[in-house]
Amino acid sequence: MDLTINDRTVQVTASEDTALLWVLRDLLGMTGTKFGCGIALCGACTVHVDGKPVRSCVLPVSAVVGKKITTIEGVGSTATGQAVQEAWKKVNVPQCGYCQAGQIMSAAALLVEKPVPSDADIDAAMSGNICRCGTYTRIRAAIKQAAGQTGKRS
Amino acid sequence: MSAVLPRAAESGLSRRDFIAKLTAAGGLVVIGCKTRILAAEEAEKYGAEGMPHGTVDNPLVFIAIADDGLVTIAVHRSEMGQGVRTGMPLIVADELEADWSKIRIQQAPADEAKYGNQDTDGSRSTRHFIDPMRRCGAAARAMLEKAAAATWNVPVTEVHAQNHEVVHEKTGRKLGYGALARKAAKLPAPAHDAVTLKPAEKFRFIGKEGTALLDGDDIVTGKAQYGIDPWFEGMFFAVIARSPVLGGKVKHFDGAEAVKEPGVVKVLEMPATVADAQFHTLAGIAVIASNTGAAIKARSALKIEWDDGENGEYDSDVYRAQMEKAARTAGKVVREDGDFNSAIAKAARKVEAEYYLPHIAHATMEPPAAVARIVDGKCEVWAPTQAPQVTREDISKHLGIPFENVTVHVTLLGGGFGRKSKPDFATEAAVLSKAMDGRPVKVTWTRDDDLHHDFFHTVSVEHLQAGLDASGKVTSWLHRSVAPSIGSIFGPDPKHELDFELGLGLINLPYDIPNLRMENPEATAHTRIGWFRSVSSVPHAFAVQSFVAELAAATGKDHRDFLLDLIGSPRLIDPRSQHDSWNQGESPKRYPVDTGRLRRVIETVTREAGWGSKRGLGLAAHYSFVSYAAVVAEVEVDKTGYLRIPRVDIAFDCGPVVNPDRVRSQLEGAVVMGISLATLGEITFKRGRSQQDNFHQYRVTRMDTAPREIRVHLLPATDWNMPLGGAGEPGLPPVAPALCNAIFAATGRRIRRMPIRDQAGAAL
């Protein structure tokens, strides 16, 4: 199968039903995308497919052939992705950092859709991403900062 | 040692030290018994020096300076989100007079003989290692100054280091650290007590705002390496079907279907563990495949018949009833002041309440995972471990190879919270690599593995009684705590809380009550009990802080005023007078309980939160990990009973603060974790099996249910002679009771059973 990941074409040999997550992590060694639950409950594995956030742990690789896949390793090449990454650093969002790849992918997709999200928009877009360290208030602040709003540190 | 910061280490017992002695004794409680402490007080080691391998402050171990001036600092403590990989280098760099932009870090492998203690637990990295790290930086600075003085042939007193170079003021000559490094490295490191530390007013990084995380770039670009991430060409990926019941064994298995799945390489039974303690690997069947997805799929095709063993009937509902029965009967007395029984008999009023906290799971976002390979009889492991040395020791034992032949690379931890102090998952990787002729094997725990086989937070019933006089003053207090002990994973089940569990908020109650009685009836463990962030402080504080609010309500007094009255006047309490011989492993002289500081966090948090001027506020305060924390939660419960938490305030005093941003982030995290366990956290057992499979059943707080605003009020000490307290854990215990007290304030509903779920009115 040919896959387009971060604007590059790669060839993989995998069963059609293999989840994209394992193709990325185990077959291609692209480990920035994280495993957290395996059934689309935690958002750690979030990637973009044609710009939309999806949970790669439940997405069969055969479903993304011919589509544009963006991962945490490539999201910084978009203006929004970069703004989100910069805001994340400025607000010192991460604690352990493990869920943050998925958080950043969800946030970048939100900001493409809604450049100035309301708190309710943030709740709706980000509540699928779990952070056990509890960085939610800083994620909210960083999203607002990336959106050019006043991000206020708690 | 420094005139600025007296050595924190008068001595103490670390978790591991304690355990080593516990196991050696084949049972219990040789350590910590009062007579021994009193007899051996002078010989007792406290703080960092009480931990296995103590501390190392040799600059040549921790600091390397390249010709281009880049400074690489070894970080020997594990990073799990607390910011230690920024905090430790920040301390070194300050004393080194380094340019922060030229600092790089390297994670130290497991090697306590070289680096000192590496057990990252107990909220003690900063308080135990600020001193040695300062001495490292200062010693290296002195060596650089000496090298420059020798180069210029001038007295060393005429030169000084500043911003990554050494300057000779008289002539204006300067030499960069890169140019001096080789010469400096050949000089002897100054003796431990010949190092001069800078005065606190000259700190440039310590205690200052604005330090960016050194791992920030790697984390936001996906480059950061966790234990689940190492990847080698041709490596294997494994998952394991483990015994669903603690102590269970494989009776029979059939892997014929599983091995037919595409990508499966091998199905094998896990070798029997070498030790009988529950700290080690569990019995099970491993599936090894070309990717983790294939291994997970094949595992579901395994047919396994288990012999459940003696815990096969464990049922958390039945167990709760047993604990309640025990909590209503007199048990082992662990502290007695005055005469509770006659005092309560004379009380004008008696109040009684009982609280329940179920098992909870750590659910680190990175589930347990590790990679191992074996080449020429030498095993290399990559693991997200809080206990590097123990990981190395255990793997050496399990593989039957010398300790020297095991290398443990410590990766970033995708969350720890105490789970990753137990290295069973790393041992699994090593054992499976051995079974695959040394090829690299990655073991990944799925989320259901994590929730089924965690070292769970203990389950507890806390029974409290208080007698009040006619004026509403508390004159007698009984607290009976029933909870299976963490001691059960190290050897024979002690069936009673150990000293460190009792000392987390049960016996060391800092209240001015003349007649106190604490009891600890027997409880047997039926699953693996482990450290969970703040450990026994979670149930103890939930019970005590809820009960105080109940007493205030019963007397019609303001909760804050009532709590301050109960604490009494500002004073220093010797923990030994509270029968607390543990005291977090710290010197009782250096770390007494300071009720003035406890009062101050309560006064601060209530003032900042608008206490008295708002509805729906709840308060709680707790002393743990030698730090003081008080929380006010604000709740709104709408007409349908739906609970919202608009804001939480937390005031915190851990003495001097090295990196305020990371202390604040730890407290923000503690608030969210406290709300999560209070509102939703529960693991239940039927037929010995954990009933929660994934985040739909073990729910946790998310963006939409987290407090919208968390305000952290640090009370940092400006006096660096004050000993430091912990920061990772002590914010957590007051959160759940503050929340329940707020729900009571808003609705009149008193919640005594966690989690809250629908008890506030509507389902969460």
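Q: The expected span of a helix is 1.5 Å times one less than its number of residues. In this predicted model, how does the reach of helix 13 of chain B from its first C-alpha to its last compare with the span expected?

A: Helix 13 of chain B covers residues 388-399, 12 residues in number. Its first and last C-alpha atoms are 17 Å apart, close to the 16 Å expected at 1.5 Å a residue.

Q: What makes helix 13 of chain B mostly covered, and which residues are the buried ones?

A: A residue is buried if 20 or more other C-beta atoms lie within 10 Å of its own. Nine of the 12 residues of helix 13 of chain B are buried, hence the description as mostly covered. They are B:Pro388, B:Gln389, B:Val390, B:Thr391, B:Arg392, B:Asp394, B:Ile395, B:His398 and B:Leu399. Just after this helix, B:Gly400 takes a positive phi of about 70 degrees.

Q: Why does B:Glu97 count as buried, and where is B:Glu97 found?

A: The cut-off for a buried residue is 20 C-beta neighbours within 10 Å. B:Glu97 has 23 inside that distance, and therefore counts as buried. B:Glu97 is in the loop between helix 4 (84-96) and strand 3 (103-107) of chain B. Its phi is positive, near 55 degrees, in a residue other than glycine.

Q: Why does B:His579 count as partly exposed?

A: Partly exposed residues fall between the limits of 12 or fewer neighbours for exposed and 20 or more for buried. B:His579 has 19 C-beta neighbours inside 10 Å, so it counts as partly exposed. B:His579 lies in the loop between strand 21 (572-573) and strand 22 (593-594) of chain B. Although not a glycine, B:His579 has a positive phi of about 65 degrees.

Q: Why is one side of strand 4 and of strand 6 of chain B left without a neighbour in the sheet?

A: Three strands of chain B form an open sheet in the order 4-5-6, with antiparallel pairing. Strand 4 (159-162) and strand 6 (173-176) of chain B are at the edges and have a single partner strand each, so one side of each has no neighbour in the sheet. On average, neighbouring strands of this sheet are turned by 25 degrees against each other, direction ignored.

Q: How do you know that strand 4 and strand 5 of chain B pair?

A: Pairing requires at least two bridges between two strands. Strand 4 of chain B is joined to strand 5 (residues 165-168) of chain B by four bridges, and the two run antiparallel. B:Val159 stands opposite B:His168, and B:His160 stands opposite B:Val167. The hairpin of these strands has two residues between them, and B:Asn163 there takes a positive phi near 40 degrees.

Q: Which residues of strand 1 of chain A form its covered face and which its uncovered one?

A: A:Leu3 and A:Ile5 form the covered face, and A:Asp2 and A:Thr4 the uncovered one. In the turn of the hairpin with strand 2 of chain A, A:Asn6 has a positive phi of about 50 degrees.

Q: What makes the peptide bond from B:Met754 to B:Pro755 cis?

A: Its omega is near 0 degrees. B:Pro755 is in the segment after helix 21 (735-747) of chain B.

Notes:
Residues numbered from 1 in each chain as written. Chains lettered and ligands numbered in written order. Predicted model: local features only at pLDDT ≥ 70, side-chain atom pairs only at ≥ 80, totals over all residues. Axes fitted to C-alpha atoms, helices over the stretch in contact; angles between N-to-C directions.
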